[in-house]
Amino acid sequence: MLQLGGMVPLTTIDFPGHLAAVLFCQGCPWHCRYCHNPHLLPTNVAGKIPWAEVISFLQERVGFLDGVVFSGGEPLLQPRLPEAMQAVKALGFKVALHTAGIIPARLAKVLPLVDWVGLDIKAPLHAYKRVTGLAGSGFKAEESLDLLLAARHVDYEIRTTVDPGLLGEVDIQQLTTLLARRGVKRHVLQDCRPALNLDKYQQLP
Ligand code: SF4
């Protein structure tokens, strides 16, 4: 069903106000230098957890957990994400999604299924490639932001990781102003986690 690189059985912080399990989807085509889950970027690796095991785990947690977070990597890369979310909802769990909005058409498909989205908006448009390493990535994120803001039933948080090597104060100010103009209600600036990132990971023996 999903190519999963890991699972956290309980989190209190990844789905605000909810006790949840986190499923880490394998694969992401972007290459943010600060990515703190670099082992989840390749797609040419075997999934670590069979879906049947996930469902069996969740069946045992009915009544104890409120929700399930689909995180990554980039969950939108998984073609069967809608099916997986439906299976989780059928067990009575709420659904949260962490995404960078890399495939807007797939976000549109899952928005009717999700209760909360943490959407990364990484930079103002002119600086997107500097962060993700990919030309055109900012247009995808912008389109996804439009879709999310139009989905009135979905609660959300827009997140920006502040790496001083990639974004300057002017960039942050521009982005904050732009998001406020777009009517974004909750925008969170996050510090980089220096312990492990894509740069350090690629230097490991
Ligand atoms: S931080 Fe960037 S590279 Fe890492 S998973 Fe998110 S979008 Fe992909």
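The buried residues of helix H5 are covered by, among others, helix H3 (104–110), strand S5 (116–120), helix H4 (128–132) and strand S6 (155–162). This is a predicted model, in which local features need pLDDT of at least 70, side-chain atom pairs count only at pLDDT 80 or more, and totals for chains, interfaces and linings use all residues. Residues are numbered from 1 along each chain as its sequence is written. Helices (H or I, at least four residues) and strands (E, at least two) are DSSP runs, numbered from the N terminus.

**Helix H5**
- Ser137, Gly138, Lys140, Ala141, Ser144, Leu145 and Leu148 of H5 are buried (20 or more other C-beta atoms within 10 Å of a residue's own, placed from the backbone).
- These residues lie on the same side of H5, because they cover an arc of only 155° around the axis, taken from the directions from the helix axis to the C-beta atoms.
- Phe139 and Ala150, on the other side of H5, are exposed (12 or fewer such atoms).

**Nonpolar core**
- A nonpolar core is a set of buried Ala, Val, Leu, Ile, Met, Phe, Trp, Tyr and Cys residues joined through C-beta atoms within 7 Å.
- In the largest one, of 52 residues, Leu23 and Val68 touch the most other members.
- Strand S2 (residues 20–25) gives this core its largest share, 6 residues.
- Beyond its neighbours within four places in sequence, Leu23 has contacts (C-beta atoms, placed from the backbone, within 7 Å) that include Leu2, Met7, Val54 and Phe70.

**Ligand**
- Residues around the ligand (C-beta atom, placed from the backbone, within 6 Å) include Cys28, Trp30, His31 and Glu74.

Technical notes
Two residues are in contact if their C-beta atoms, placed from the backbone, lie within 7 Å.
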